[in-house]
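Please look over the structure below before reading on. The paragraphs that follow go through its helices, their packing and a few loop residues.

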Amino acid sequence: MSENYKETVSPHEMEELWEQDLLQRYPTENTKAKADYRNYESPARDTVREFYRMNHTYQTYEFVRQKEQEFLAFNRREMSLWDAVDYLNTLIDDSDPDIDLDQTQHLLQTAEAIRADGHPDWFVLTGFLHDLGKVLCLFGEPQWAVVGDTFPVGCAYSDKIVYPEFFTANPDYYDERYNSTYGVYAPNCGLRNVHLSWGHDEYLYHIMKDYLPEPALYMIRYHSFYAQHREEAYNHLMDDHDRELFKWVRAFNPYDLYSKSPSPPDVKKLRPYYEDLAAKYLPDTLRF
Ligand SMILES: [Fe+2]
Ligand SMILES: [Fe+2]
């Protein structure tokens, strides 16, 4: 089943499906119609289910620790911010007629919506780069280890995580070191001490951690952690500092989820502004 899954769903298509699934789970008045439409498309729903079945089965504590070792050495590529954006765009599957917007456009729409609301420039820059960690797909990583909702590993999986029933296939579910409320962690130890399932959030956080203000780093690191920023399922691991900074994660989420519009942004026209922003905060090249 997993072989078939890999062949039939491109990374870009998977992201579109994940986004549709999120819109269905967290709809607004504006997004309802589109989300409901997807609801009845069972092949799309089955793809998302299969994605989460694999994600929940394989994202164990050991797996996450091993991916941290493997990818936080940053010995794969050195790229400027714009090189990374261009590189990420090669993810698009041209054969799919259903795909309207590429990654640059999602990033620009998110960032432009933040800018239009008058937020500080580092917030705008965060919108522009928040998904760059998805280059993991281009390093050959399976989609279930790049995108999708994130959640803590090393302690009990909350039933507020999407498709919680799939965790029964995860060996940690039966491991007494990892399956209690706190598992390997102490009460309210702070999320900086907690390992989340491996994916593009955590990876990009480590690339950016020396360059951006802390609210930006929280937005990057926890933007897919819906079980907390939407469901508050892990308050028992958060400390006061996390609670304060999660205001920014929640402020960021609507721009990520609801800023998609059918008119593509003018990449050429906007590029100089974002190049200046990058030059203000980031070094010439970043290590991936
Ligand atoms: Fe993301
Ligand atoms: Fe995003």
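**Helices and loop residues in the predicted model**

Leaving aside neighbours within four places in sequence, cysteine 137 is in contact with Pro11, Leu91, Gln143 and Val146, where contact requires C-beta atoms, placed from the backbone, to lie within 7 Å. Cysteine 137 sits in the loop between α8 and α9. Helices (H or I, at least four residues) and strands (E, at least two) are DSSP runs, numbered from the N terminus. Cysteine 137 counts as buried because 22 other C-beta atoms lie within 10 Å. A residue is buried if 20 or more other C-beta atoms lie within 10 Å of its own, exposed if 12 or fewer, and partly exposed in between, with C-beta atoms placed from the backbone. Between cysteine 137 and leucine 88 there are 8.7 Å in space, C-alpha to C-alpha, and the two are 49 residues apart in sequence.

This is a predicted model, in which local features need pLDDT of at least 70 and side-chain atom pairs count only at pLDDT 80 or more, while totals for chains, interfaces and linings use all residues. Residues are numbered from 1 along each chain as its sequence is written, and chains are lettered from A and ligands numbered from 1 in the order in which they are written. The protein has a mean pLDDT of 90, and 90% of its residues reach 70 or more; pLDDT is the predictor's confidence in each residue, from 0 to 100. Over residues 93-99 pLDDT stays under 50, and for this stretch the model has 10 contacts beyond four places in sequence.

Helix α7 covers residues 103-116. From first C-alpha to last, its 14 residues reach 20 Å, close to the 20 Å expected at 1.5 Å a residue, the expected span being 1.5 Å times one less than the number of residues. How much of α7 is covered? The helix is mostly covered, with 11 of its 14 residues buried. Among the buried residues are His106, Leu107, Leu108, Ile114 and Arg115. The elements that cover the buried residues of α7 include α6 (81-89), α8, α12 (240-258) and α13. Glycine 118, which follows α7, has a positive phi, near 75°.

Two helix pairs can now be taken in turn. Two packed helices are described by the angle between their axes and the distance between the axes. Axes here are lines fitted to C-alpha atoms, for helices over the stretch in contact, and angles run from 0 to 180 degrees between N-to-C directions. For α6 and α7 the angle is about 130° and the axes are 8 Å apart, which makes α6 oblique to α7. Angles under 35 degrees count as roughly parallel, over 145 as roughly antiparallel, 65 to 115 as roughly perpendicular and the rest as oblique. In this pair, Val85, Leu88 and Asn89 of α6 meet Gln103, Thr104 and Leu107 of α7. By class, the contact has 3 nonpolar, 3 polar and no charged residues. Ala, Val, Leu, Ile, Met, Phe, Trp, Tyr, Cys and Pro count as nonpolar, Asp, Glu, Lys and Arg as charged, and the others, Gly among them, as polar.

The second pair is α8 (residues 121-129) and α13 (residues 267-281), whose axes come within 10 Å and cross at roughly 110°. The two helices are therefore roughly perpendicular. On the α8 side the contact is made by Asp121, Trp122, Val124, Leu125 and Phe128, and on the α13 side by Tyr274, Leu277, Ala278 and Tyr281. This contact has 8 nonpolar residues, no polar ones and 1 charged.

The loop between α8 and α9 (200-208) also holds tyrosine 163. Phi of tyrosine 163 is positive, near 50°, in a residue other than glycine. Tyrosine 163 counts as partly exposed because it has 16 C-beta neighbours inside 10 Å. Asparagine 188, in the loop between α8 and α9, likewise has a positive phi near 50°. With 14 C-beta neighbours inside 10 Å, asparagine 188 is partly exposed.

Asparagine 188 is among the contacts of histidine 236, which also include Thr181 and Pro187, leaving aside neighbours within four places in sequence. Histidine 236 lies in the loop between α11 (226-229) and α12. Is histidine 236 buried or exposed? Histidine 236 is exposed, because 12 other C-beta atoms lie within 10 Å.

Notes. Contact = placed C-beta atoms within 7 Å.
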